[in-house]
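Dear colleague,

I am handing over a structure to you with this message.

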Number of protein chains: 4
Amino acid sequence: MTARPDLPRRLVAEALGTAVLVATVVGSGIMADRLTADVALALLGNTIPTGAILVVLITILGPISGAHFNPAVTAVFVARRELAAGEGLAYVAAQVLGGVAGTLVAHLMFEHAPFAVSATVRTGASQWLAEVVATFTLVTVVLGGLRFRPDAVPVLVGLTITAAYWFTASTSFANPAVAIARSLTDTFSGIRPADLPGFVLAEFAGAFLALGLAGWLLAAPRAAAAPVATPAE
Amino acid sequence: MTARPDLPRRLVAEALGTAVLVATVVGSGIMADRLTADVALALLGNTIPTGAILVVLITILGPISGAHFNPAVTAVFVARRELAAGEGLAYVAAQVLGGVAGTLVAHLMFEHAPFAVSATVRTGASQWLAEVVATFTLVTVVLGGLRFRPDAVPVLVGLTITAAYWFTASTSFANPAVAIARSLTDTFSGIRPADLPGFVLAEFAGAFLALGLAGWLLAAPRAAAAPVATPAE
Amino acid sequence: MTARPDLPRRLVAEALGTAVLVATVVGSGIMADRLTADVALALLGNTIPTGAILVVLITILGPISGAHFNPAVTAVFVARRELAAGEGLAYVAAQVLGGVAGTLVAHLMFEHAPFAVSATVRTGASQWLAEVVATFTLVTVVLGGLRFRPDAVPVLVGLTITAAYWFTASTSFANPAVAIARSLTDTFSGIRPADLPGFVLAEFAGAFLALGLAGWLLAAPRAAAAPVATPAE
Amino acid sequence: MTARPDLPRRLVAEALGTAVLVATVVGSGIMADRLTADVALALLGNTIPTGAILVVLITILGPISGAHFNPAVTAVFVARRELAAGEGLAYVAAQVLGGVAGTLVAHLMFEHAPFAVSATVRTGASQWLAEVVATFTLVTVVLGGLRFRPDAVPVLVGLTITAAYWFTASTSFANPAVAIARSLTDTFSGIRPADLPGFVLAEFAGAFLALGLAGWLLAAPRAAAAPVATPAE
């Protein structure tokens with residue numbers, strides 16, 4: 001429709017979006033954890049802001065950079081040849097830097113030290129499976145949404161993460177850049193740096209599983225000899 | 001508008017959608033139950049993800065298969081002659097298989113045994129009435145939504161189930177395939193297999209009650225001799 | 001746009017909508033109250049389903065009857081001459097009957113006696129002010145929404161009631177038919193029959209205050225001599 | 001598109017909107033605080049109504065006045081020369097008067113004294129940083145939304161504040177008029193008058209930071225020599 005904005009603006013959009021996303025995840029985690037002893041309530045106080053801000057950020061930054069905020073999503077678009085590999089790498093760098101800045105801002109707002117290495121253990125086959133499922137679901141939703149209802153993608157992603165915080169055992173990181181940023185906070189939403197490789201691998205695996213499925217499932221329907229009227233389902 | 005996708009893609013869409021739906025119901029039930037002793041909070045942690053994921057799944061899979069994920073809904077479309085009986089049976093098989101797979105995935109993510117027979121008693125006239133009401137409401141909403149605002153159906157269904165989790169005494173299963181899948185988990189969202197027949201019968205009863213009402217209520221308005229301008233209500 | 005459906009269908013829509021609305025208010029109140037000792041959590045478990053079902057009911061029944069479900073709203077449309085007085089009376093009868101049926105259904109689902117006179121005291125100037133504010137806000141939103149974004153009215157009403165459950169001291173009944181129906185349940189959402197007149201009067205007062213304000217505030221803008229381009233605010 | 005409504009109507013819209021917004025913030029804070037001892041739950045009971053009513057108020061009053069309800073937002077539009085300075089001052093007066101009226105109405109509904117000076121301390125560099133971040137995010141969202149999805153601005157603002165209540169350490173006042181109104185309530189949502197200057201300064205700082213960034217980030221994309229087709233991201 002329109003020409004794509006230049007690369008600097010797109011990188012700033014990716015960095016800014018990932019920063020606000022991580023500040024929301026980490027900040028709301030600290031706030032919730034501080035205010036209640038009930039962990040389900042704390043998770044709710046972490047879930048609602050995260051889902052809400054995702055809708056916002058993808059709506060306003062999507063027209064600039066595509067609003068990936070996520071190296072696994074960027075890798076999928078590179079694989080689909082909708083983004084050059086070099087630009088993809090720049091996107092990932094912007095996402096990681098933005099994410100780390102988000103942790104820093106959250107810490108400063110809540111009077112924590114700028115960074116703190118997380119001690120929260122998140123490892124094992126079940127956790128990895130959860131990350132595969134979470135990222136598979138996220139990328140399937142992104143690709144299905146772009147195919148059928150592009151204007152709804154921001155809401156679809158926000159609702160997917162809202163659900164996945166609860167239905168996956170890992171509370172759905174589903175994002176290598178956010179995982180790295182969350183390894184630098186020793187609060188509610190943290191992850192031990194040693195556990196990052198398992199999470200990151202599982203996230204890329206889930207993303208490419210989704211890419212494979214979508215390549216078949218979302219392909220143009222095989223036209224019937226005589227087209228059948230589709231009921232309004 | 002467009003030709004309908006081929007049957008294999010539609011069956012995969014039904015199975016995938018029902019699987020993610022059940023994984024969400026069962027998984028978020030386990031998560032919520034694990035994190036809090038307050039049952040209302042646990043139900044909220046079960047409700048929000050379920051409503052959210054329904055919006056998502058119906059949006060991205062609806063254009064492929066119609067996104068029934070529910071034998072009672074499929075039966076209604078067969079009765080309306082919008083789906084051949086044979087295809088309807090295939091849909092139901094895909095839904096049940098997908099649902100069972102969803103329970104399995106949730107159990108593996110949360111380190112439970114692959115399957116466990118539920119011991120949760122859900123029976124009696126009040127519970128059956130609740131399932132009639134829940135499925136009647138769901139199918140009325142689907143048919144009314146398709147008639148007046150097809151693009152809003154995903155949100156309408158998500159919000160209906162969000163409400164019905166709380167206003168029906170059964171927490172609104174409203175879906176025979178999901179009920180079967182939930183009989184295989186001995187966690188927050190389970191149902192004793194012996195109680196399945198009552199639930200399934202009540203669900204089909206509610207669905208066909210809605211079909212009957214909608215046939216009359218949603219019929220084209222009787223045109224007045226001189227058409228009256230409709231106020232913008 | 002289209003001719004208006006015939007009166008029987010419109011009355012059934014009003015009765016059905018008010019029934020499901022009241023079943024949701026009363027039923028979710030019983031459910032929430034049963035599951036938790038925390039009253040704020042119970043109110044949340046009452047609020048979310050009510051807001052959600054309002055969006056649904058207004059979307060699917062609005063095109064049939066206008067989806068008033070509320071004598072105060074019906075009175076406003078009669079006053080605006082968009083509904084004949086006789087039809088308005090029939091609407092109100094359908095709303096009250098539907099509301100009472102909603103209480104009955106909720107009671108049967110939760111194994112309560114069919115009806116029980118509420119003992120919950122809700123009276124006094126502060127409560128009445130709260131009902132004036134709640135109904136004023138509701139009717140202003142309905143009229144403003146119809147003027148500027150008719151397709152958004154269902155969501156606007158759902159969100160208004162969601163907010164008003166918390167920001168008004170009366171938890172926002174804002175609806176004489178629903179108030180009457182709620183006098184027949186001695187549960188979380190009940191109101192003592194003796195307190196009905198005060199609530200009903202306050203609700204009509206709030207509705208007509210909104211009608212008066214909207215008549216001025218929403219009137220067509222006074223055109224400038226040379227029309228000024230409106231910024232995209 | 002259409003001529004702008006006359007100034008009196010716009011000022012009433014600003015006053016009314018800010019009044020209902022503040023009544024919601026203060027009223028739901030009192031309600032939530034009264035019903036539960038869990039502060040996270042109280043904040044949730046404060047967040048959900050506030051986010052909900054913002055969507056409503058911006059939708060129905062935006063077409064009249066732009067629905068600023070916020071001197072920091074008004075200042076940004078004056079700086080962008082979309083509003084004359086004199087009208088901007090009148091907007092701010094209407095917002096402050098409306099906000100104070102909102103506190104009064106909330107107090108009367110909940111049987112509090114008309115006004116009470118807040119004793120809640122909210123000061124220090126971390127709190128100010130939080131207000132900078134909150135207002136920066138809000139104004140970026142408003143400007144980005146107006147640029148790319150003007151019809152979505154009401155929802156975007158509602159979701160932004162929903163998130164910011166939790167991810168900023170100050171629970172995101174982000175609005176000088178609302179801050180002033182909240183200094184007159186000694187309840188959950190109050191702020192000590194002595195702490196107002198720091199908050200107000202931080203809010204204007206955040207707003208103009210956003211204005212500066214948006215001037216560059218949202219500028220028309222530099223057209224490539226040969227326009228590149230934008231993928232549907």
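The notes below describe one chain and then two interfaces.

This is a predicted model, in which local features need pLDDT of at least 70, side-chain atom pairs count only at pLDDT 80 or more, and totals for chains, interfaces and linings use all residues. Residues are numbered from 1 along each chain as its sequence is written, chains are lettered from A and ligands numbered from 1 in the order in which they are written, and side-chain values use heavy atoms, with hydrogens and water left out.

Chain A

Chain A contains eight helices and zero strands (DSSP runs, H or I of at least four residues for helices and E of at least two for strands, numbered from the N terminus). The C-alpha trace of chain A spans about 65 × 40 × 30 Å along its principal axes.

An unreviewed UniProt entry lists "transmembrane region" for residues 12-32, 52-77, 89-108, 128-148, 155-178 and 198-219 of chain A; such annotations may be inferred rather than shown by experiment. In the model, residues 52-77 of chain A are 81% helix, with end C-alpha atoms 24 Å apart. Residues 89-108 of chain A are 100% helix, and their end C-alpha atoms lie 29 Å apart.

Chain D with chain A

The contact (heavy atoms within 4.5 Å) takes 42 residues from chain D and 47 residues from chain A. About 3800 Å² is buried between chain D and chain A, 74% of it on carbon and sulfur atoms (accessible area, 1.4 Å probe, that two parts lose on being put together, summed over both). Elements of chain D that give two or more residues to this side are α2 (39-65), α5 (125-148), α6 (153-167) and α8 (196-217). Of these, α5(D) gives the most, with 10 residues.

Chain D with chain C

Here 46 residues of chain D are in contact with 42 residues of chain C. The buried area between chain D and chain C is about 3800 Å², of which carbon and sulfur atoms give 74%. Arg9(D), Ile60(D) and Met109(D) lose the most area in chain D to chain C, together 18% of what that side buries. At least two residues each come from α1 (7-35), α2 and α4 (85-109) of chain D, and α2(D) gives the most, with 16 residues.

With kind regards
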